[in-house]
Amino acid sequence: MPRSRPGQAARRLAVVALLLAAAVACGDAGGLEGAGATPTAQRPARLWPELTPAASPAFEIGEVNTEVVKGVKVPGDDIRRVDPVEIVRAEIARTPGDYDGDNAPYRGTERRMADCAKGPGHGKCPVLRPYYRDLTGDGHDDLTLGFPLLPGKTTAVRVYTVEKHRLVQVMAWEDALSGVELAGRSLVIRSPSEVAGYEYRLQWTWDRDQRAMLLTHDEMLRTAPRKHSRHPSASPTASPSVSAPGPPSLSAPGSPSASGG
């Protein structure tokens, strides 16, 4: 479901506020009314304090994912002058077992690269329209690129920057996508969940110490409206759940701050 533009949302909120004010003026004598029972605040409870804190991760998940893209030059250190199709070709050449051959999992992507003569986003070319924005804060554009991993239903999302005259991949992810958004210096990926009425939202943000886009938020969020009950579902002493805050003012692709090439 597409997000509303800020101006449209503000107008709708204003209309709702006026309607609520009119309803109060017509049906209320002006007295104060109780808001009902509120949950009692509870401080966090630490579980199993006797356990020794772990000093190293149990699994290797590749939090810092960077790689120099070999064979692709950056004319004048300007990432906009790099051909996105050549970047994808370089990745295919780097991992041929994933793309080349009848049994390769992403064989459909490699075969459709022959349709990229007119560039990304044209015809059957699997390379999607590139987007440029300064995600690293160095005053220069970085590149966000995507291409479907055919014949499956997942899409590869990559972010590239320029360091020491070289093209460097600073983020990589593959998933079934509901949407991809640029928000400030963050990249947000929304993916469907197996739980009805919910979706996953993952946010990568540039970290200047690691010189990479790090996964800073990983949430499951409700997308469908909740079913309202006539009776309260939580007791007055239940502690409310808290979710991590989302990124401010997500920019829709195609806006001036997230323009394509």
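In β4, Val 157 is the bridge partner of Gly 146, and this pairing belongs to a predicted model in which local features need pLDDT of at least 70, side-chain atom pairs count only at pLDDT 80 or more, and totals for chains, interfaces and linings use all residues. Residues are numbered from 1 along each chain as its sequence is written, and side-chain values use heavy atoms, with hydrogens and water left out.

Strands are DSSP runs of E with at least two residues, and helices are runs of H or I with at least four, both numbered from the N terminus; two strands pair if DSSP finds at least two bridges between them. Strand β3 (residues 142–149) has 8 of its 8 residues buried, so it is largely enclosed by the rest of the structure, where buried means under 20% relative accessible area, exposed over 50% and partly exposed in between, with a 1.4 Å probe and protein chains only. A hairpin of 4 residues joins β3 to β4.

| Strand pair | Sense | Bridges |
|---|---|---|
| β2 (residues 131–133) and β3 | antiparallel | 3 bridges |
| β3 and β4 (residues 154–163) | antiparallel | 7 bridges |
| β8 (residues 198–207) and β9 | antiparallel | 10 bridges |

**The open sheet**

An open sheet is formed by 4 strands in the order β6-β7-β8-β9, with antiparallel pairing. Its edges are β6 (179–183) and β9 (212–222), each of which has a single partner strand, so one side of each is left without a neighbour in the sheet. From one strand to the next the twist averages 20°, with axes taken as lines fitted to C-alpha atoms and angles running from 0 to 180 degrees between N-to-C directions. Leu 214 in β9 stands opposite Thr 205.

**Exposed loop residues**

Trp 48 lies in the loop between α1 (6–27) and β1 (67–68), and counts as exposed at 58% relative accessibility. Arg 81, in the loop between β1 and α2 (84–94), is likewise exposed, with a relative accessible area of 54%. Leaving aside residues up to four places away in sequence, Arg 81 touches Pro 75 and Gly 76, a contact being heavy atoms within 4.5 Å.
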